[in-house]
Amino acid sequence: MRIVRHLQHWLTGRGPRLQVVDFVPETHPLRQWADTFPWAALVAAVDRSFAQRFPLKTARGRAPVATRVLLALELLKHELSCSDEQICSRLRTDLAVMYACGITEIHVDRTQGHFVLPEVLAQFRSRIDERLMEELITMQAAAAMEAGLVSPAHLVVDTFPSEQGSQRVNDAATLYKAKKKFSRSSRTFSTRAPRKGKS
Amino acid sequence: MRRFGRQCRGQGHVFVKLVRETETQLLTLGQHVGSLALSAQLVLQNAARFSTRQHTRLATQLTAAIEAHQLIEHQSRRLTHGKTLSACKIVNPYDRTIAPICKGKSNCPTQFGRKPGIIAEPASGFIFAAHLPVGNPGDNSYVLPLVDKVQQAITQVTHRPPLALHSLAGDLAFNDTALREALHARGILTVGIPHTVEPITSSPTQEEVGRILRDAGLHRQRTPYQVHLACACGYSRPVIESIIASLLCRGVDRVRYKGHRGAILQMGMTVMAHNAATLVRIEQHRLSKRAQKLRRLLCLRSRNSHQYNGSKN
């Protein structure tokens, strides 16, 4: 429930309450995939790193989207080979994705278009640095070893090429930039325009 | 352009000619950049209409453009004069961490991008660590950072008896005397790293086991049983190609995020997603016969499928 409170108003609005767990069977691949992560440790590591590098200047303002949701979305993006827009869209409609993001119950609001904006996901991603990424992988490996599922006794090492791809210019980013540019230009115009009335 | 070279790189003189022609064109195009940039800097200094923020941003961009051109000019002059480059060829002046990746193929164009390295368990395919250096260094430079990361993960485990890295397997690119000595000093067997193209024996005799332990100087640290397992893992080294294929399917074949940090982020997230899928396979016993046998020999358990697994969120 804590995550529900952290998410934006759409999850705490009016409407019938849905238990996400009831809709996602235990045999669902995404549920099994999500249950393997040591979420509490991962989220704590991300929060600790962010708090050190990006301290909050003020306690005012709306609570941010929970780290658990954003981290899960970023991982799901790579598991399901989706773009930012696609995974954010699936979070709105797919209950298995909601389960993987740690959302246990929701209030239905049909007017709501999205839960998390792609820009928020991109902003979260830009804050993750190399050290944090290494720490997350190490934690996952340590958790698997702790559970006795894998052993580091005999390992194999190899390299492979990864081609540099072009930056994807997506619709959401283009629209966001256009809106920002438009609002800036309209603000400039309104300050420069001569006032009517007094003559 | 994401690749350079022609379909067959066998005839070197054609490739050299092509490079020289391209570099000459680059030099001709860029010969006015220096003077233009200087005049632009003068104009920028005298311009009063820009705010301080805008001024700083434009000055930074201009400096970056001048530096980028200087780098390209330097390497173009070396190449047109027939001299070899001291480092990798710069393929993108605004992201110098990208490098040409030559993987020993003789009949395909050279890719450019990055070369990540992974260290994984051959039985199940679980990746313990990934390393992504700047440029395209030799393969043997990957091993020690990866081993360090694995040992860092081991220190976080409160397991009795304590876990340890016993052996490491790799291909012929990791065959380096200094590297072998460094690994032996850490108590790691290198029987899985071949000396020649000959395949590694999967079941060594007692004499061979004794010789392996004697050569590594690990008589008291490693047992003959561990050497047998190391040979079995080294023999099945090509299974790592399937792990790499799994990563490539998840989108690591092409780096989509910007810069070196972006590449590390994409790689890391993909590795974590792959590891979670691997753990699901282990829990459901969806492993190959060889992997199941190896897991039995390593005394690894699988979770009880009848155990109640409630919501873990």
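**The aromatic rings**

Modeller: Phe50(A) and Phe124(A) are both buried, where buried means under 20% relative accessible area, exposed over 50% and partly exposed in between, with a 1.4 Å probe and protein chains only. This is a predicted model: local features need pLDDT of at least 70, side-chain atom pairs count only at pLDDT 80 or more, and totals for chains, interfaces and linings use all residues. Residues are numbered from 1 along each chain as its sequence is written, chains are lettered from A and ligands numbered from 1 in the order in which they are written, and side-chain values use heavy atoms, leaving out hydrogens and water.

Five aromatic pairs turn up over all chains. Rings of Phe, Tyr and Trp (its six-membered ring) pair if their centres lie within 6.5 Å; planes under 30 degrees apart count as stacked, over 60 as edge-to-face and the rest as tilted. One of the pairs is Phe37(A) with Trp39(A). This pair is tilted, with 4.9 Å centre to centre and 40° between the planes. Phe37(A) is buried, because its relative accessible area is 6%. Trp39(A) is buried because its value is 7%.

Phe50(A) and Phe124(A) make an edge-to-face pair, 5.7 Å centre to centre and 70° between the planes. This pair links distant parts of the chain, 74 residues apart.

Trp33(A), Phe37(A) and Trp39(A) form one aromatic cluster.

Now for a charge. The charged end of Arg127(A) sits over the ring of Phe50(A), 5.9 Å from its centre (NZ of Lys or CZ of Arg within 6 Å of the ring centre and within 35 degrees of the ring normal). The charged end of Arg127(A) also sits over the ring of Phe54(A), 4.5 Å from its centre.

Key
Helices (H or I, at least four residues) and strands (E, at least two) are DSSP runs, numbered from the N terminus.
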